[in-house]
Amino acid sequence: MRRVTNSAGAAVAVPSTNARPSIAHHALIVALFLVAFAGTCGLLHSRLPFPSVPDIAPRFRYFAEHKDEFDTIFIGSSRIRHGIIPQVFDEAAAKNGVPTHSFNLGYSGMWPPESYYYLRQVLALHPKKLRNVFIELMDYRLGQAEGEAPTMRSVYWHDVPHTGMALRLVAESPLSFNEKVGLFATHAHEFVQNMTNPGRGAEWLEQRYFPARKKVDTSWISRRGFDPEPATEWSEAAQEEYRRQIRVFEEASTHEHWRPGFAAALDDILGKVNQTRAKAILVIPPTVRPEEHFTACPRGAFFGFYFDSPSKYPRLYLPELHYDPGHLNEAGAREFTTQLAEHFTTAWMTW
Amino acid sequence: MLFVEFRFLIFFAVIFGVHWALRSNTARKWWLLLASHTFYACFFIGKPSEFFAHVTHGEWAQLPDGWWFPVVLWASTCMDYAVGLGIAGAASEGRRKAWLLVSLAVNLGVLSFFKYFNFFIISAGGFLDWVGLHSSLHTLKIILPYGVSFYTFQSMSYSIDVYRRRLEPVRRFLDLAFFISFFPQLVAGPIVRATVFLPQVSVKRQWANVDVRSSATLFYVGFVKKACVSEFAGPFSDQFFAGPEKYSHLGALAGVLFYAVQIYCDFSGYTDMAIATARLLGYELTLNFDFPYFSGNITEFWRRWHISLSTWLRDYLYISLGGNRGTKLYTYRNLMLTMLLGGLWHGASWNFVIWGGLHGVALIVHREWVRLSENTGVLLRRAIAVLAVPLTFFWVCVTWIFFRAAPTYNEKTHAITATGLHNAWITLKEFTFTGGHGRNAFSPECFIVLAVLAVLHWLNSQRILGTWWRRLPDWACALLLGIGIAVALLFVPVKYKPFIYFQF
């Protein structure tokens, strides 16, 4: 500012013509802004509870409240959610002399890296009795989990390690350059969105003051996370198509999913489980999708139960036990869970 | 691409950087013209790679709906450019008028076709059926080009101002194309007059004149209004208007108030961001809102709500109709016509006509009231002054009920259902405590939220917050803005709803 005399003879302050801020001043202001912004976002992110992802958050919160009741959990996609009945598992295991109390944390579309993030959040609760962690062995989902991104579901798991994991898996995938660029941009966008906590304050307000706005189905609580698929009538044509898919699946032996990034991500999460007193157990439910047939997986190197063999587990591939080719119905879930429990207890005896 | 989206931030950072890096004014205008069309294309292009693949393979049928929107924009621009030159070169008044009529006919023709064709066909069909003459009129599948209501009005303002000799015609086509398609105001206004914008176009913008701090603050305020407040209020009003009969009087009160908050914050938030964006590029747009809900009467409300539209209608429609240069009845007719057409401008639907009509009635009543109350006592005038703001706001809320009551269009039968107006009638009865037996209500916290918003808005209208903010040093502003944005983001949705005024 400089002092000048106005027409009435009084001294007044006016902006100095040569008082334009320097570039350093501008840079400092921008830096201050960025530090304040990033610092506040980071602080808030670290203090906020698990986000209100529809259907997933209620299960997580329920488990968090009852974390010390369960010693066995199942993590994975809809094939875990609709395929494993915790009560049946516990009964079958107890019959074979291994008492368990299990909970199904599987949810539709929960593929890695989302499922690994979710499992990390579960482990961070430090469930005291947790001994067995069943993880569905799945490839990385290259597309979006829920139609058009972004949604809270597609955003919430994008922290630094899991976004890095996603980017590495995209880079290693057989996609075209353009598709890879598109997925890079999507993941980067979702990472920024997650780190800037969009809507997290509003959801807190909503839960606290306006809970009636959303009605949540909690029927899964009594079934400990299991959601049954209904029995369906298979037409002759549908059965023929299903049998064709089984043939194609069994003949397909060249699918390669054992990319370095995938192996590293799996190693990482198994290591995380093993750091606790729990044991990580991989599972491949009965599947006819060639992209889930981990032919290149050194199965001996990872402890798990792999049901991706129609010839070895013919009952699990009967149409009457399936809701659709990819999912079991309730009767199928009962059969699969019993077989899984039997495999588990047999292995348990040798531990 | 919405102003509140992250990708807009990236887009604008590139536009901003290149714009100020360019030395020549012409190069800057070309750059902003390109940017404006890129921005516009984002609304209909879908995935760019797929769009260009369809174009290169000549798969025209596969192109997304609306790929031709820029054609309408360019056609309107070219026509008004020619009209401007035509008017300037016309040898007689008759020819000048003829050129102007061409502009009005084409612009209004375009607007009528895209916006009102089906409305008039359906209304005419309904009328013919009503009088017993069964009709077989066919509607067309017409998609409304984004921003057509806004840019045709801007375009017309240019032709009319050239005709009225308030403006020299533009010699460089680039200048007019840039004016009409400038992206901050292209899709939802404010409706910038040619007399305001074109003089800015001819002078090179100086970075030294850009008030970055106030522009960033204005953008932030607009962002909070749209992304936090409007998006928060929206679900409450949607919930209420989906079944108003289920709500009690207090529920109706909250539902309508939430809509009043939603539409104000949505539209004025958009405008704030548009003005701030333009300012950061060195251009000044027209003020569009001036705390309208604190108006003491309906005339004042229209001086403070959607100012760019209301002044456009006043200058180009009301005054052209004769304004108040005649008998009282003649003036009231002009007022009513202006407001009815103003209502219709918002959309081809009777609820907008009713909305405009209610405002027209209120403007007439207010004029009469002013005349009758000239000789009232001081005490009465003070009492009226106390009640003026709440009464005006109450009436504005009543009109919002009809504005919100959008009819449902059935694609199979091509019929417009009257559900909207029926719901409006139910809402009106509950809002005015004259009927309704519903039991649903919003939680008491909703009223606390509304009260907090009202207090903040009042503080802002009194310039208390603004004055305090301006006194802060730059570093404090930067810190507070950084913290403020991080906190505001806590209240924004992951996916936004489009701005309400995009549909108009």
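Start by selecting residues 23-44 of chain A, which the UniProt annotation "transmembrane region" (unreviewed entry) covers; UniProt positions follow the numbering used here, feature names are shortened, and annotations may be inferred rather than shown by experiment. The model is predicted: local features need pLDDT of at least 70, side-chain atom pairs count only at pLDDT 80 or more, and totals for chains, interfaces and linings use all residues. Residues are numbered from 1 along each chain as its sequence is written, while chains are lettered from A and ligands numbered from 1 in the order in which they are written.

Residues 23-44 of chain A are 100% helix and 0% strand, with end C-alpha atoms 31 Å apart. Helices (H or I, at least four residues) and strands (E, at least two) are DSSP runs, numbered from the N terminus.

Next, show the contact between the chains: 29 residues come from chain A and 24 residues from chain B. Two residues are in contact if their C-beta atoms, placed from the backbone, lie within 7 Å. On chain A, α1 (23-47), α6 (152-155), α8 (177-195) and α9 (200-209) each supply at least two residues of the side touching chain B. α1(A) gives the most, ten residues. Coloured by class, this side of chain A has 17 nonpolar, nine polar and three charged residues. Ala, Val, Leu, Ile, Met, Phe, Trp, Tyr, Cys and Pro count as nonpolar, Asp, Glu, Lys and Arg as charged, and the others, Gly among them, as polar.

Then move to chain B and select domain 1 (6-118 + 145-203), domain 2 (207-285 + 411-504) and domain 3 (295-404), with bounds from an automatic or database domain assignment. The C-alpha centres of domain 1 and domain 2 of chain B lie 29 Å apart.
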